[in-house]
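Thanks for coming. I have one model to show today, and I will keep to the contacts.

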Amino acid sequence: MSDTAPGPRPDRFPGFDVLDQSRHWDSVTTGVVLSRIEMPPDIRFFTPDEQAVAAALCDQLLDQHGDPEDPTRVPVVNLIDSRLAEQQTDGWRYQDMPEDAQAWRDTLAALDREATNRFGVGFAAGSRAQQAMVIQAVQDLGSADWHGLVAQHVWSLWSRYACTAFYSHPSAWNEIGFPGPAYPRGYKNPGVDSREPFEVPDAFPDDDPVRSSR
Amino acid sequence: MTNVRARNESAWLLPTDGTRTNHRLREDMRRFADTEEVDLVVVGCGAGGSVMTQRLARSGWRVVVLDAGPFWDPDSDWVSDEAGSHHLYWTEPRVIAGANPVPLGSNNSGRGVGGSMVHYAGYTPRFHPSDFETFTRDGVGADWPLDYTDLKGYYRAIEEELPVAGEKWPWGDPHSYPHRPHPVGGNGEIFLRGALAMGITAKVGPVAITNGRFGNRPHCIYRGFCLQGCKVNAKASPLITHIPDALAHGAEVRADAMVTRVEVDQRTGRATGVHYVRGGVAHFQRAAMVAIAGYSIETPRLLLNSASARFPDGLCNDFDQVGRYLMVQGAPQTAGRFDAEVRMYKSPPPEVSSEEFYETDPSKPYQRGFSIQTVSPLPNTWAEHVAAQGHWGRSLREYMSDYVHWSCLGALCEFLPQPDNRVTLAEEKDRHGLPVARFSYTQCDNDAALMRAAQAAMEDLLHAAGADEVITIDRFAHLVGGARMAADEQHGVVDSDCRTFAVPNLLITDGSVLPTQGSANPALTIMAVAARAAERLASRRSHPD
Ligand SMILES: Cc1cc2nc3c(=O)[nH]c(=O)nc-3n(C[C@H](O)[C@H](O)[C@H](O)COP(=O)(O)OP(=O)(O)OC[C@H]3O[C@@H](n4cnc5c(N)ncnc54)[C@H](O)[C@@H]3O)c2cc1C
Ligand code: SF4
């Protein structure tokens with residue numbers, strides 16, 4: 001389910017920027033985290049056609065429809081592409097799925113076919129609403145077949161890679177109030193409603209997505 | 001407390017200058033030639049393999065332990081970051097199958113010196129006495145060829161060596177812990193609050209995390225990255241609890257060495273050593289005795305890949321027992337939403353547990369039970385939990401932005417050992433040209449019933465603590481079994497001393513030998529079983545020839 005309510009998301013942690021604390025991190029961690037806000041790695045694995053479909057898919061999955069030049073935008077497709085180029089898998093695959101790299105190629109092609117069948121345009125060229133319909137249909141299939149694969153295994157592949165890329169990025173941490181690396185500093189004030197001096201309280205604590213969706 | 005340092009000096013062999021690795025000890029390490037017949041070669045330097053290595057090195061044996069992964073230095077190799085810790089996991093290809101396939105990788109197995117304990121959470125409960133005789137008591141599972149009292153002294157010894165912090169433990173065989181319980185963070189507070197409201201006993205611990213200094217290991221800084229490897233040296237793993245002492249007693253740790261095959265003399269039927277690949281070069285280490293400790297997937301895989309004329313279906317597999325009776329614990333994870341800020345990422349994920357539902361309850365339609373513990377996922381793992389509810393796009397982002405308000409508990413359900421839950425070899429080959437493991441899992445009705453009962457108990461608990469909504473994801477953790485211990489060779493692969501029935505000088509000393517798993521996290525029991533096997537081996541051969 002993807003709520004399509006328009007308008008910007010509220011900034012729940014105003015002024016919070018994990019990078020403000022980066023001088024307190026150890027150098028190895030700093031290297032790893034800061035590399036994510038540098039220029040995104042070049043695309044090496046996806047063909048141009050695959051890249052276009054993957055970009056549209058990831059924009060949908062992570063609701064990143066804003067300005068492509070926005071510096072806080074997470075380069076999800078580049079991060080997935082790097083993992084696939086380097087064969088950095090999760091260390092397992094479902095027996096009924098090809099290995100991850102091939103599975104990405106196959107499912108991106110299937111998305112394009114599906115969009116063409118339904119709307120007469122490729123997935124990347126389709127409207128946002130059309131793309132969302134195609135994606136939602138995959139999720140709704142559950143354990144049924146989608147283009148020769150188990151739909152929920154396809155969903156698992158997409159969402160695992162996309163979420164890991166997105167929620168490893170400092171911009172995403174800012175959005176959720178998570179301070180990121182914590183070595184060697186650690187935390188001095190754990191506990192319910194306790195905060196460190198550098199943590200920012202939620203500006204909308206009653207903005208419970210569960211309640212609002214009912 | 002007995003004098004730990006006199007038995008195991010590891011914590012005192014670590015540096016005192018704020019760095020985490022004693023490089024001198026590693027540089028001065030004794031090194032054996034491949035052609036030298038060592039007393040023992042151990043395959044895998046994790047929970048079981050490290051204890052075996054340290055104990056026998058202390059007894060004067062010449063021991064080499066080979067591990068496929070690196071000899072970690074926490075300062076330079078580990079980061080305080082989730083995605084950046086991918087290299088801690090065993091990510092060589094594996095295939096999962098069955099009606100309820102179990103994802104592996106980050107969630108289930110590690111590599112390198114320290115094994116999966118490098119990124120385990122750090123819970124170290126004992127098994128209950130009932131776990132050793134579930135068949136006799138409850139008509140399910142299997143009886144072990146040893147019982148709780150055989151392990152009790154080893155449990156205590158390992159608890160002192162890790163060391164374990166926790167409250168006085170009221171369940172199973174009641175006992176206390178060497179270190180006081182840690183203060184709890186937001187998630188632990190919620191658990192304790194909910195348990196109190198429901199009249200359920202919950203206790204702080206037991207965790208293998210120092211509370212105060214231990215040797216040269218500092219105390220925990222509550223940074224919450226235990227599952228990414230502890231850069232502080234506060235959380236126990238064999239890298240710091242057993243390997244330093246083993247090196248000081250003349251053992252060699254040979255890292256980045258992937259064992260491909262155990263060699264057996266076709267005439268005598270005895271193991272003669274192991275083939276391994278290091279830096280692309282094939283080697284053969286001669287040894288008078290071999291102990292395999294590669295984890296519940298790689299141990300059966302290595303046995304199956306070591307087939308020969310004498311053992312056409314795989315080493316030690318005359319009775320089709322290798323790879324069978326593999327178990328995972330059902331580990332549903334239930335989160336509750338609070339208007340207050342919980343910020344569960346502050347403090348170690350392992351904080352509080354309850355074993356109130358551990359034993360068989362005759363009033364329930366299922367046998368055996370489950371335990372409940374705090375889990376505290378970091379953002380990537382939390383995104384998986386949220387995405388599993390079906391959220392994507394805008395609703396995923398909104399749910400995720402609510403992270404600081406959620407508390408998260410995990411259960412460990414005792415899934416039963418079944419012959420068809422097993423490792424076999426897949427068609428696919430790894431880069432060494434060896435068939436990869438295919439791991440097949442199908443839950444039985446009892447397993448499924450426990451999953452739902454555990455979820456309901458966690459939901460009740462979180463509601464009692466004040467949660468307005470709860471969400472659950474089904475997960476699976478802690479593989480054990482696959483080369484189990486049994487009374488005879490028709491029912492298992494090793495005897496109660498971890499000696500294989502088929503090859504007199506071949507042992508298996510890791511989680512693979514466990515016949516049942518209880519609802520306890522397994523590492524402490526794996527170490528205790530290995531410590532017992534090592535002591536029995538050393539006493540049988542006071543000085544190896
Ligand atoms: C995320 C996570 C959380 C966990 N939390 C807990 C917890 O809180 N409490 C708990 O008790 N347990 C926990 N566990 C489980 C625990 O870590 C394992 O059960 C335990 O470490 C298994 O011990 P082992 O000796 O069987 O194997 P391991 O400790 O995994 O050691 C096996 C070693 O063998 C090496 N190896 C394998 N094959 C070969 C080969 N062919 N050649 C050379 N080397 C090889 C591997 O590199 C590895 O280092 C957790 C595990 C994970 C992944
Ligand atoms: S919370 Fe404590 S034990 Fe866990 S990684 Fe941090 S310092 Fe180590």
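I will go through the interface between two chains and then one ligand site.

This is a predicted model, so local features need pLDDT of at least 70 and side-chain atom pairs count only at pLDDT 80 or more, while totals for chains, interfaces and linings use all residues. Residues are numbered from 1 along each chain as its sequence is written, chains are lettered from A and ligands numbered from 1 in the order in which they are written, and side-chain values use heavy atoms, with hydrogens and water left out.

In the interface, 74 residues of chain A are in contact with 70 residues of chain B, contact being heavy atoms within 4.5 Å. The two chains bury about 5,800 Å² between them, 55% of it on carbon and sulfur atoms; that is the accessible area (1.4 Å probe) lost on being put together, summed over both.

There are 9 salt bridges between chain A and chain B, each a side-chain nitrogen of Lys or Arg within 4 Å of a carboxyl oxygen of Asp or Glu. One of them pairs A:R93 with B:E428, with the closest N and O atoms 2.5 Å apart.

The side of chain A that touches chain B has 34 nonpolar, 19 polar and 21 charged residues. Here Ala, Val, Leu, Ile, Met, Phe, Trp, Tyr, Cys and Pro count as nonpolar, Asp, Glu, Lys and Arg as charged, and the others, Gly among them, as polar.

Now ligand 2. Residues around it include B:C220, B:R223, B:C226, B:C230 and B:K235, where around means a heavy atom within 4 Å. The shell divides into 9 nonpolar, 1 polar and 2 charged residues.
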